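Hi everyone, thanks for coming along. I'd like to walk you through a structure today, so please have the viewer open while I talk.

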2 protein chains.
Amino acid sequence: MKEKEFINIIKDLLNSKYIGDDCAYLKDLGITITHDSLVEDIHFKMDYITPYQLGYKSVMVNLSDIAASGAQPAYLTVSLSIPSDITKEWIKEFYEGCKIACANNIEIVGGDITGSDKIYISICAIGKTKERNISSRKNAQIGQKVIVSGIHGSSAAGLKLLSKNQNEPHKLLKSHLEPKAQIEFGEYIAKNVNVQYAMMDTSDGLAEALSTIANESNVLLEIDFDKIPHDEEIEIFKNWQDLVLFGGEDYQLVATVPEELNFGTKIGQVKTGLGVDIKYSDKKIHYTKSDIDKNIFNHFNQ
Amino acid sequence: MKEKEFINIIKDLLNSKYIGDDCAYLKDLGITITHDSLVEDIHFKMDYITPYQLGYKSVMVNLSDIAASGAQPAYLTVSLSIPSDITKEWIKEFYEGCKIACANNIEIVGGDITGSDKIYISICAIGKTKERNISSRKNAQIGQKVIVSGIHGSSAAGLKLLSKNQNEPHKLLKSHLEPKAQIEFGEYIAKNVNVQYAMMDTSDGLAEALSTIANESNVLLEIDFDKIPHDEEIEIFKNWQDLVLFGGEDYQLVATVPEELNFGTKIGQVKTGLGVDIKYSDKKIHYTKSDIDKNIFNHFNQ
């Protein structure tokens, strides 16, 4: 994967303790910070997403990373680059989507707007860490259980429908076009877990998040596939199990927490070993990091 | 100007007290934050800038905004979108430029890397406000003097040379390709001025910065053109006075400070009235906001 190779070059060169998690935890400032970009025709196509949905989703993508850190999303900056044919109405709708995604307690405080050939959206989000126990993907502890915040595979199923110009089932399309960051889930964990724990969002798929936590924490995650929640409607696809495991952009959270925490949906266990074991009703498959990397949707390989 | 129209739509919609200055001052976190993007073929062309210079300049552009706020630049996130033909060597050189621009006291703590058709760089910078008096473009006070940190017009002169494939004078090219944020100048002002004051960088040209301060602070800035420092070599251009006033990307700082502060180069005075008066040896021209806006290089009008 070219993207991962590039990230390794950058990590080696910058030699920063902060690079590795989706958010950097800046203790001296009491914040976590994340920065993600969405590029037209790579991450989205204007054929099927409205300006409102694009604004909404761009914000949610970044709030999701803050939620995964355990921090309280507080501030955003939005940098938007747009072709010259973009209208005032488009801009208004886009920012209305951003504003709705921010609800009443998150504020857009800056950014810029420039020209470009295609639409580029780059958002930086800041979360407050006060009175929160901040996660790290390196911190899964043997004996903890693995929990998730919601259903998996719907966003990838929605994208498949959109790419075939299908408009039903609407809720699958909506999962892809208007995902919701699991802010309350992250908040509950960060306020109620008082030991080290791992938490990530499933932006690149559930299996990728599990694999990253397993490899960064040097543990084995034993997952019971039948316990992973999914919407039955995705079973219209032959390979729906792949959508559940490898489909991206559900923006659910996955966390390793003490067994006694009565919260979320338990899908597995943290054990000694390395990688991810997935138990199906009739078999168990071991996935190494490279097995999972091969299945991840990669924007560089399109 | 389409860009300004869009900004007004966004301001109206978001109704945020933070939007207006180049940096947002988040008092509860003790930071200022800025976020600017550079787009290939809009803000730069790979024909004449090296990956190292591009990384260096992209960082400096954002550090300049933090310096203008009066804060101490501390952290950056870098989001980079690149076409599939970009090599590992390119990535390494680009981040080497970023790292050198950060020196030893500013750290890149995160960001992302994605695919795209063209190169797109989006950087978010954070400055610490502790023990600093933070500026606002709204805060120029009548009776203050107007000072600048250095020479003006060299970057625009360098760009003119580059666009004609000329390689001399080298220092003009370097002004454009490797501008230096005036961090120490900003620091001195923020630590030694203890009244309200305005400070901006000259990313969009000196006249634009003066006009913005004048209009946001509701004052007249009376400027003595002959006192504005410039490199004599730019006088090879017939319209070199325009380069000094309207040429962008010098990334110098302009500030309004008490008369008694013995620092910087005085170029004028804050008076009652509105707009910018520029005194030349033989005449005085009054520039309204719209006069200046018409002369500003606008990325949307290319």
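This is a predicted model: local features need pLDDT of at least 70, side-chain atom pairs count only at pLDDT 80 or more; totals for chains, interfaces and linings use all residues.

B:Pro169 is found in the loop between α4 (154-163) and α5 (170-177) of chain B. For context, most peptide bonds are trans, and most residues other than glycine have a negative phi.

A:Tyr251 is not a glycine, yet its phi is positive, about 55°. You will find A:Tyr251 in the loop between α8 (240-246) and β9 of chain A. Is A:Tyr251 buried or exposed? It is buried, because 24 other C-beta atoms lie within 10 Å, and the cut-off for buried is 20 or more. Over in chain B, B:Asp41 has a positive phi as well, near 70°, and is likewise a residue other than glycine. B:Asp41 belongs to the loop between β2 (31-39) and α2 of chain B. Its count is 14 C-beta neighbours inside 10 Å, so B:Asp41 is classed as partly exposed.

Now let's zoom out to chain A as a whole. It has nine helices and 12 strands. The radius of gyration of chain A is 19 Å, close to the 19 Å that the globule rule gives for 302 residues, so chain A is as compact as a globular protein of that length. Along the principal axes, the C-alpha atoms of chain A fill a box of roughly 55 × 50 × 40 Å. Of its 302 residues, 53% count as buried. If you take the contacts in chain A with a separation of 6 or more, 85% of them come from residues 24 or more positions apart.

How is chain A divided? The domain assignment gives domain 1 (21-128) and domain 2 (145-297). The C-alpha centres of these two domains of chain A lie 23 Å apart. Where they touch, domain 1 of chain A puts in 16 residues and domain 2 of chain A puts in 18. On the domain 1 side, α2 (51-69) and β3 (72-82) of chain A each supply at least two residues. α2(A) gives the most to that side, with 10 residues. By class, the domain 1 side has nine nonpolar, four polar and three charged residues.

Both α2 and β3 come up again when we look at helix α6 (residues 183-192) of chain A. The buried residues of α6(A) are A:Ile183, A:Phe185, A:Gly186, A:Ile189 and A:Ala190. Looking down the axis of α6(A), these buried residues fall within an arc of 165°, so they line one face of the helix. And what covers them? The cover includes α2, β3, β7 (198-201) and β9 (253-257) of chain A.

Let's stay with β3 for a moment, as it leads us to the other chain. A:Tyr75 is in strand β3 of chain A. With 26 C-beta neighbours inside 10 Å, A:Tyr75 counts as buried.

The contact takes 53 residues from chain A and 52 from chain B. Among the elements giving two or more residues to the chain A side are α1 (2-14), β3 and α3 (88-102) of chain A. β4(A) gives the most to that side, with nine residues. Sorted by class, the chain A side has 25 nonpolar, 17 polar and 11 charged residues.

How are the two copies related? Chain A can be laid on chain B with an RMSD of 0.0 Å, by a turn of 180° and a shift of 0.0 Å along the axis. That is the relation of a two-fold axis. Of the interface residues of chain A, 98% are also interface residues in chain B, so the copies meet through the same surface.

That's my tour, and I'm happy to go back to any view you like.

Terms used
Residues are numbered from 1 along each chain as its sequence is written. Chains are lettered from A and ligands numbered from 1 in the order in which they are written. Domain bounds come from an automatic or database domain assignment. Two residues are in contact if their C-beta atoms, placed from the backbone, lie within 7 Å. Helices (H or I, at least four residues) and strands (E, at least two) are DSSP runs, numbered from the N terminus. Ala, Val, Leu, Ile, Met, Phe, Trp, Tyr, Cys and Pro count as nonpolar, Asp, Glu, Lys and Arg as charged, and the others, Gly among them, as polar. Copies are superposed by least squares on the C-alpha atoms of residues with pLDDT of at least 70 in both. The radius of gyration is taken over C-alpha atoms; the globule rule is 2.2 Å times the number of residues to the power 0.38. A residue is buried if 20 or more other C-beta atoms lie within 10 Å of its own, exposed if 12 or fewer, and partly exposed in between; C-beta atoms are placed from the backbone. The arc is that of the directions from the helix axis to the C-beta atoms.
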